[in-house]
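Reader: Please go through the labels used for this model and set each value against its cut-off.

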Amino acid sequence: MTAEGARNLANGLRHVPQLHTLDLSGNSMMLDEDARYLSNGLQHVQQLHTLNLSWNKIGDEGARYLAEHGLQHVKQLHTLDLSENNIGAEGGRALAEHGLQHLQQLHTLNLYYNKMGVKVARALAVARALANGLQHVQQLHTLDLSYNI
């Protein structure tokens, strides 16, 4: 997906306010900039239940923007899949500190195969942030953090 494609998609979301599933997995061209456009478009699909952004190249900046500007609009979200991206400790911490508080209906959070655990200190900081953030998602059934290097 190109930046222009992400921008067009974000604009198009205003025409489908009842959208329940948005699957953009496997768009290995989706970068941080594209995640920013998508985050802005989420305000139009507040009934979204599933957001799959796995197998992309979203890094810390994209994850942070999604957490701070996008997830607040999709409070009905049940599944968030950000696996197989380039999200490091900073992005993981931002998701935990700023994103999870809005997702009280979340059942499944997939963050596996990212880069949140490269250094022990960073991994512990992410774990602390997740512990604090998880208090908001009491409906959570699945949390997958496997293979974070």
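Reader: What makes helix 2 roughly parallel to helix 3?
Author: Helix 2 (residues 32-41) and helix 3 (residues 60-70) pack at an angle of about 10°, their axes 8 Å apart. Angles under 35 degrees count as roughly parallel, over 145 as roughly antiparallel, 65 to 115 as roughly perpendicular and the rest as oblique, so helix 2 is roughly parallel to helix 3. This is a predicted model: local features need pLDDT of at least 70 and side-chain atom pairs count only at pLDDT 80 or more, while totals for chains, interfaces and linings use all residues. Residues are numbered from 1 along each chain as its sequence is written, and side-chain values use heavy atoms, without hydrogens and water.

Reader: Which residues of helix 2 make the contact?
Author: Asp-32, Ala-35, Arg-36, Ser-39 and Asn-40 do, where contact means heavy atoms within 4.5 Å.

Reader: Why is Asn-56 called buried?
Author: Its relative accessible area is 5%. Buried means under 20%, exposed over 50%, partly exposed in between (1.4 Å probe, protein chains only), so Asn-56 is buried. Asn-56 sits in the loop between strand 2 (50-52) and helix 3. A polar atom of the Asn-56 side chain lies 3.1 Å from the backbone oxygen of Leu-24.

Reader: How do you know that Asn-85 counts as buried?
Author: Asn-85 has 3% relative accessibility, therefore it counts as buried. Its place is the loop between strand 3 (79-81) and helix 4 (89-99). The Asn-85 side chain reaches the backbone nitrogen of Lys-57 at 3.3 Å. Among the residues that Asn-85 touches are Trp-55, Asn-56 and Tyr-113.

Technical notes. Axes fitted to C-alpha atoms, helices over the stretch in contact; angles between N-to-C directions. Helix = DSSP H or I, 4+ residues; strand = E, 2+ residues; numbered from the N terminus. Polar contact = N/O pair within 3.5 Å; in protein donor to acceptor, adjacent residues only side chain to side chain. Lists of a residue's contacts leave out its neighbours within four places in sequence.
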